Amino acid sequence: MKLTRKELLVGGAAGAALGAAGIYELVDKLADSSPSKAAAAHAPEQHLVDGLRVEKKEGVEVVVPLRHHEVVTAKVIAPKDQLRDARAALAAELKKLDTKYPATPDGLAFTVAWGLPYFQTYVPEAADLHLPFDRRAKKPALFDAVRFPSDPEETLLEDNDVAFLFRSDNEENIRAAATEIADRMKGVLAVTSIRKGFAGQMDGGKGLPKEMATAAGVPGADLIPDGSELFLGFTSTQRNALGPPKIVNFETLGLVDLGSRSYFHGGTHMHLSHIFEDLEAWYLNQDFRDRVNTTFRPHMPVRPGTQTVAQPPSRVASESEVRRDYDRYGVIGHSSSLQPASRLQQNIRGDDGTLYPKGTAIPQRADFNTLDNPFFWSADPKRDRMGEGPAAGLHFVVFNPTSDDFHRNRLAMDGHMPDGEKLEFVPRSAGQGFNSILKTTHRQNFLVPPRRHRAFPLAEL
Amino acid sequence: MAGLALVASGCSGSESKPAAAASAKPAGCPQAWKAGWQRLANRIHSKVYCPTWMPSPIDAKIGGQWDNGVSVEKDKSYLVSFLWHEPPSQDVHVNFRGYPGRTKIPRCEDTEVVGGKARTTHMPCFSDPHGKRHLGPITATMYTVNRGVDQWHILYAWRDHGSLYAVSEHVIKPLTYAKVVSNLDRMVRGLVPVKPTK
């Protein structure tokens with residue numbers, strides 16, 4: 001099915017865009033199964049989704065990702081003296097949504113995350129006192145995103161005050177909730193961008209990424225392997241590659257000083273970026289072996305055609321192994337280069353008493369495929385370099401305990417190891433994981449308060 | 001004006017009038033192209049395949065307007081290339097290859113500088129097979145990852161009487177992957193053998 005240009009484009013104001021599905025309306029038409037059912041619950045943490053299914057794919061345990069995703073970013077436009085009223089209004093609206101939807105795949109999981117500009121502009125004194133501090137990095141737990149060595153110069157470092165992340169198997173739930181919040185927050189928040197996308201649930205057939213990319217006429221779409229979860233043809237939600245539920249909480253691993261009131265106990269950090277993926281370059285210039293080498297690890301034994309590669313704690317790459325791969329092959333794998341930074345290097349007993357064994361993944365990724373170019377809607381199309389027509393990409397959403405923890409991971413992906421050693425690469429060269437086919441357009445770090453403080457945090461103090 | 005006409009022709013996806021009719025069974029190497037292909041067959045003392053249809057706007061006249069070079073190696077393997085290029089980045093680029101007396105996929109060399117050191121690796125010139133295509137008398141394997149001058153091309157390769165042959169076309173604007181596959185199907189279906197006469 002090929003869409004006309006008119007069907008692909010959505011214009012007009014944010015309100016209209018929030019209520020529109022655009023090309024993503026196809027997701028439910030193309031997906032095989034109906035939304036999954038799971039029990040209702042609301043954890044104190046905002047970033048957790050309850051009732052996620054775990055299935056075996058190619059013999060590997062995989063967390064089934066939610067089908068629909070949306071991120072709405074905004075700036076606060078209410079005067080400072082109206083912040084308490086705004087807080088009450090948003091808190092009431094969010095509570096209403098909590099009542100209406102369980103935080104489950106068939107309900108709605110939503111996360112409200114706040115950017116540094118909000119804390120610095122609206123609640124600077126309280127932020128000085130209560131924002132968590134990263135003991136390991138000796139820096140605040142939330143700081144501005146940077147351009148990483150493999151990022152192009154034009155990567156835009158954003159300054160949104162707030163981001164709303166919506167996840168559900170039911171697109172209508174997202175649309176209704178996003179519209180309700182926007183309506184209620186008129187005059188308080190001004191939407192800056194809307195970002196939409198989907199994840200393949202590996203439920204047979206050609207798979208959602210391939211069908212959506214083909215319908216959109218994206219170059220390289222025909223070469224996406226049937227049934228893959230992501231455009232790049234590999235599964236990324238192996239249970240062992242995702243952090244367990246509370247590991248990214250500020251308090252869990254002891255990385256963070258929460259201050260005397262522990263205001264942000266139960267909170268975490270979120271990084272949001274948009275990345276274009278050059279599918280044609282990926283599938284026409286790198287054969288399956290090359291793709292395994294750069295996605296996982298050079299010369300890792302993987303049967304041709306495999307999409308789901310096991311990533312168990314027992315097979316986590318060490319820094320010396322990454323260095324050895326670099327010396328021997330001139331290549332670092334994406335997963336293996338990340339692991340010295342993204343996996344626990346020793347057993348750790350968490351703040352809640354849970355034992356997290358060595359090799360456990362820390363980041364909780366919530367990334368999703370997108371055909372946005374680069375966003376579904378932008379309040380400033382020139383600044384955001386909005387392109388025409390759909391483009392294959394990824395809205396990368398990840399929860400880490402701190403900005404520094406995310407940055408350590410991202411730097412490792414570029415060959416900058418946690419011990420400070422730099423494996424030299426020309427930016428985006430073929431040896432540097434799959435950076436060669438990625439182009440990051442936007443980045444920002446956010447703080448995710450616990451559920452109880454998700455509306456205008458610190459404004460009540 | 002001629003350039004503009006070509007651009008329009010390329011973008012529209014229309015096809016140039018084939019040198020030979022695009023009917024089911026190709027009659028023979030088109031008259032206007034035959035001399036060049038015959039010279040090649042004679043030069044390598046082995047059979048070559050001459051196309052009877054080419055994607056617009058190019059033709060397959062060796063020494064003609066769209067000729068992008070003919071090279072013959074010491075082992076008699078050959079590469080015949082045809083190219084239409086419209087700046088900044090539109091191409092119609094087709095390569096014909098033959099490896100007389102051998103059927104093994106050739107190895108390509110790749111050199112990259114990593115950490116100040118030049119690293120050379122050797123790999124198959126054609127990889128990522130994507131199934132067989134039955135096109136008239138030829139059963140070809142489609143390869144989607146190809147190296148050297150076939151990089152970013154889709155390539156069809158087949159074996160015939162102890163020799164390996166290949167045809168590839170670049171996936172680049174104004175062509176899509178699907179259009180390139182359709183072009184290759186049509187080109188390979190229309191191939192006719194040209195045997196050496198001396």
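Let's start in chain B, in the loop between helix H2 (31-44) and strand S1, which is where His45(B) sits. Helices and strands here are DSSP runs, numbered from the N terminus: a helix is H or I over at least four residues, a strand is E over at least two. His45(B) isn't a glycine, yet it has a positive phi of about 55°. Most residues other than glycine have a negative phi, and most peptide bonds are trans.

Keep in mind that this is a predicted model, where local features need pLDDT of at least 70, side-chain atom pairs count only at pLDDT 80 or more, and totals for chains, interfaces and linings use all residues. Residues are numbered from 1 along each chain as its sequence is written, while chains are lettered from A and ligands numbered from 1 in the order in which they are written.

## Two cis peptide bonds in chain B

Ser56(B) and Pro57(B) are joined by a cis peptide bond, with omega at about 10°. To find Pro57(B), look in the loop between strand S1 (48-50) and S2 of chain B.

There is also a cis bond from Lys173(B) to Pro174(B), with omega near 5°. Pro174(B) belongs to the loop between S10 and H3 of chain B.

## The seven-stranded sheet of chain B

Now for the sheet. Chain B has an open sheet of 7 strands, in the order S2-S3-S4-S10-S9-S8-S7, and the pairing is antiparallel. (Two strands pair if DSSP finds at least two bridges between them.) At the edges are strand S2 (67-72) and strand S7 (126-135) of chain B, each pairing on one side only. From one strand to the next, the twist averages 15°. Strands of a sheet pair through backbone hydrogen bonds, either parallel or antiparallel.

Zoom in on S7(B): its antiparallel pairing with strand S8 (residues 138-146) of chain B runs over 7 bridges. Phe126(B) has Asn146(B) in S8(B) as its bridge partner, and Ser127(B) stands opposite Val145(B) in S8(B). The two strands make a hairpin with 2 residues between them, and Gly136(B) in the turn has a positive phi of about 60°.

Helix H3 (residues 177-189) of chain B lies across S7, S8, strand S9 (153-160) and strand S10 (163-170) of chain B, and runs at about 140° to S10(B). For angles like this, axes are lines fitted to C-alpha atoms (for helices over the stretch in contact), and the values run from 0 to 180 degrees between N-to-C directions.

## A three-stranded sheet in chain A

Chain A has an open sheet too, with 3 strands in the order S6-S5-S10 and antiparallel pairing. Strand S6 (139-140) and strand S10 (256-257) of chain A are at the edges with a single partner strand each, so one side of each has no neighbour in the sheet. Strand S5 (residues 133-134) of chain A pairs with S6(A) over 2 bridges, in the antiparallel sense. Asp134(A) has Lys139(A) in S6(A) as its bridge partner.

## Helix pairs in chain A

Helix H4 (residues 83-100) and helix H7 (residues 171-184) of chain A have axes that come within 10 Å and cross at roughly 160°. H4(A) and H7(A) are therefore roughly antiparallel, a label for angles over 145 degrees. Their contact is made by Ala89(A), Glu93(A) and Leu97(A) of H4(A), together with Ala177(A), Glu180(A), Ile181(A) and Arg184(A) of H7(A). Residues are in contact if their C-beta atoms, placed from the backbone, lie within 7 Å.

In the second pair, helix H11 (residues 319-329) and helix H12 (residues 334-342) of chain A have axes that come within 9 Å and cross at roughly 150°. That makes H11(A) and H12(A) roughly antiparallel. Here Glu319(A), Glu321(A), Val322(A) and Asp325(A) of H11(A) meet Ser336(A), Ser337(A) and Pro340(A) of H12(A).

## Where the chains meet, and confidence

The contact takes 16 residues from chain A and 14 residues from chain B. On the side of chain A that touches chain B, the largest share, 4 residues, comes from helix H9 (residues 279-285) of chain A.

How confident is the predictor about chain A? The mean pLDDT (its confidence in each residue, from 0 to 100) is 92, and 95% of the residues of chain A reach 70 or more. Over residues 1-11 of chain A, though, the pLDDT is below 50. Where pLDDT is low, the predicted coordinates should not be read in detail.

How values were computed. Contact = placed C-beta atoms within 7 Å. Parallel < 35°, antiparallel > 145°, perpendicular 65-115°, else oblique.
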